[in-house]
Amino acid sequence: PSITPNVSFTNIAREIRCKWSPDNDKSSLTSCQDVLAKHLGDLKGDGRTVKRIVCGGCMDFKIITTSTEAAFAAFEEGGFAGEKDIIDELKGIDGVTDVETQTYTIEEM
């Protein structure tokens, strides 16, 4: 599909992001990674790819799951492979704030 004549895409990403705290030897970051590890198999199902972004300066933790545009509707209808559980688990971590999601197109250039 195309957004404009010169902006097309074949992949759509779903991002789950939050802020973690450097307190307690970065224990909240460790717990965020544990949540990702627990759900990674489901996120990677049906040929999806997963990238993790961590920023030590602004304390971002991001999980970016990419699906083909053709398969995205099924991914969405299926609840984004357990996204609600991931969000609930992240929100339950002491020191984690600003848990949010976003959908956008993503392409290798």
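Rings of Phe, Tyr and Trp (its six-membered ring) are taken to pair if their centres lie within 6.5 Å, with planes under 30 degrees apart counted as stacked, over 60 as edge-to-face and the rest as tilted. The model examined here is predicted, so local features need pLDDT of at least 70 and side-chain atom pairs count only at pLDDT 80 or more, while totals for chains, interfaces and linings use all residues. Residues are numbered from 1 along each chain as its sequence is written, and side-chain values use heavy atoms, with hydrogens and water left out.

Three aromatic pairs are found in the structure. One of them joins Phe72 and Phe80 in a tilted arrangement, at 5.7 Å centre to centre and 50 degrees between the planes. Phe80 also pairs with Phe75, here edge-to-face, at 5.1 Å and 85 degrees. Phe75 is buried (under 20% relative accessible area, against over 50% for exposed and partly exposed in between; 1.4 Å probe, protein chains only), at 4%. Phe72 is buried at 8%, and Phe80 is buried at 8%. The charged end of Arg14 sits over the ring of Phe80, 4.2 Å from its centre (CZ of Arg or NZ of Lys within 6 Å of the ring centre and within 35 degrees of the ring normal).

Turning to the strands (DSSP runs of E, at least two residues, numbered from the N terminus), β5 spans residues 60-68 and is largely enclosed by the rest of the structure, because seven of its nine residues are buried. Strand β3 (residues 11-19) runs antiparallel to β5 and is joined to it by nine bridges, where pairing requires at least two DSSP bridges. Within β3 and β5, Arg17 stands opposite Lys62.

Notes: Helices (H or I, at least four residues) and strands (E, at least two) are DSSP runs, numbered from the N terminus.
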